[in-house]
Amino acid sequence: MDLKDSSAIVTGGGSGMGRCFVEQLAKAGARVFFCDVNPEALAATCLDFGVQGTLADVSKEEDVARLFDEAEAAIGPINTLVNNAGILRDGLLVKKDRSTGEVRGLSKAKWDAVLAVNLTGPFLCMREFATRAVQTELRPAVAVNMSSISRAGNYGQSNYAAAKAGLVADTVLWAKELARYGVRVGAIAPGFIATPMVAGMPAAALEQAIAPVPLKRLGQPEEIWQAIRFIVECEYFTGRVVEVDGGLRL
Ligand SMILES: NC(=O)c1ccc[n+]([C@@H]2O[C@H](COP(=O)([O-])OP(=O)(O)OC[C@H]3O[C@@H](n4cnc5c(N)ncnc54)[C@H](O)[C@@H]3O)[C@@H](O)[C@H]2O)c1
């Protein structure tokens, strides 16, 4: 699909990569609408790039339906979805306190929060996107799911790795199920990218994360945008993951 023909929803467009995708889509001539749960970030992206957005939580069914209704009213039928919103709530499965001997497990609250935003969210958005595309026989249409290098099983990320691996499995099967309707589905698995999500990591952890990266640096959001652009534009790409990680293997 030519980017100029794209009417796109970006989830989590208030910060980091989502903000970059909103900016780049608008620059490329696409019509863009986005959502976020952070009102300040939402307002800043709207103001900075002259685009429209709404407060919506991708893990809530009613918010997702409203997001698509508002987006359609603002920019017309949606033929591009970037399932980008995501959160981290890291922790070891169990951890023994050296001094007290107490063993603590990863809380169910952390598990549920990450699965809700990073897996249920993309499912709800994808279902809404596909329902409307199939109903209106809108084609071509394309969706991009943000997975992660962590899907391979990154230390301390039981919840996040499960969500990101699940999202890749669903990318493959959604692509198979939706091909007959002219809907393509791709995923991107970034390595460590310079965004507020990564800036929140302790300095020592960040240093440790970068050390084994062959290219010896964090990736930039614009470098992940290049993968979005490829997936949107290449009509023979579906059901696969583009890995943009500086050569790192976890
Ligand atoms: N930064 C990295 O190194 C990295 C690596 C691999 C994958 N990813 C993935 O890329 C995506 C973007 O990451 P980022 O680093 O730009 O993160 P970020 O934290 O900078 O931005 C995420 C945005 O999503 C919003 N958000 C959070 N929960 C939401 C919800 N329930 N509904 C709607 N919006 C919500 C946040 O408010 C924020 O604006 C995420 O899915 C993340 O898991 C990031």
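Me: What should be kept in mind about the numbering and the confidence limits?
Reply: Residues are numbered from 1 along each chain as its sequence is written. Because the model is predicted, local features need pLDDT of at least 70 and side-chain atom pairs count only at pLDDT 80 or more, while totals for chains, interfaces and linings use all residues.

Me: Which residues of α8 are buried, and what makes them line one face of the helix?
Reply: A residue is buried if 20 or more other C-beta atoms lie within 10 Å of its own, exposed if 12 or fewer, and partly exposed in between, with C-beta atoms placed from the backbone. In α8 the buried residues are Ile 224, Trp 225, Ala 227, Ile 228, Ile 231 and Val 232. Seen down the axis of α8, these residues fall within an arc of 155°, so they line one face of the helix; the arc is that of the directions from the helix axis to the C-beta atoms. An α-helix has 3.6 residues a turn, so residues three or four places apart point the same way.

Me: Against which elements do the buried residues of α8 pack?
Reply: With contact defined as C-beta atoms, placed from the backbone, lying within 7 Å, they pack against α1 (16-27), β4 (80-83), β7 (141-146), β8 (183-190) and β9 (241-244).

Me: Why is α1 called oblique to α8?
Reply: The two helices pack at an angle of about 60°, with their axes 9 Å apart, where axes are lines fitted to C-alpha atoms, for helices over the stretch in contact, and angles run from 0 to 180 degrees between N-to-C directions. Angles under 35 degrees count as roughly parallel, over 145 as roughly antiparallel, 65 to 115 as roughly perpendicular and the rest as oblique, and α1 is therefore oblique to α8. Gly 16, Met 17, Cys 20, Phe 21 and Gln 24 of α1 make this contact with Pro 221, Glu 222, Ile 224, Trp 225 and Ile 228 of α8.

Me: What is the relation of α3 to α4?
Reply: Helix α3 (residues 61-75) packs with α4 at an angle of about 40°, the axes being 10 Å apart, and the two are therefore oblique to each other. On the α3 side Glu 61, Val 64, Ala 65 and Phe 68 take part, and they meet Leu 124, Cys 125, Glu 128 and Arg 132 in α4.

Me: How do you know that the buried residues of α3 are on the same side of the helix?
Reply: Val 64, Leu 67, Phe 68 and Ala 71 are the buried residues of α3. They cover an arc of only 90° around the axis, which puts them on the same side of α3, whereas Glu 62 and Ala 73 are exposed on the other side. The buried residues pack against β1 (7-11), β2 (31-36), β3 and α4.

Me: Why is Asp 57 called partly exposed?
Reply: Asp 57 has 19 other C-beta atoms within 10 Å and therefore counts as partly exposed. Asp 57 lies in the loop between β3 (52-55) and α3, and touches Val 37 and Asp 63, not counting residues up to four places away in sequence.

Me: What makes Glu 137 and Lys 216 exposed?
Reply: Glu 137 has 8 other C-beta atoms within 10 Å and is therefore exposed, and Lys 216, with 10 C-beta neighbours inside 10 Å, counts as exposed too. Glu 137 lies in the loop between α4 and β7 and has a positive phi of about 50° although it is not a glycine. Lys 216 lies in the loop between α7 (203-210) and α8, with a positive phi of about 55° although it is not a glycine.

Me: Where is Pro 140, and what is the peptide bond from Arg 139 to Pro 140 called?
Reply: Pro 140 lies in the loop between α4 and β7, and the peptide bond from Arg 139 to Pro 140 is cis, with omega near 0°.

Terms used:
Helix = DSSP H or I, 4+ residues; strand = E, 2+ residues; numbered from the N terminus. Contact = placed C-beta atoms within 7 Å.
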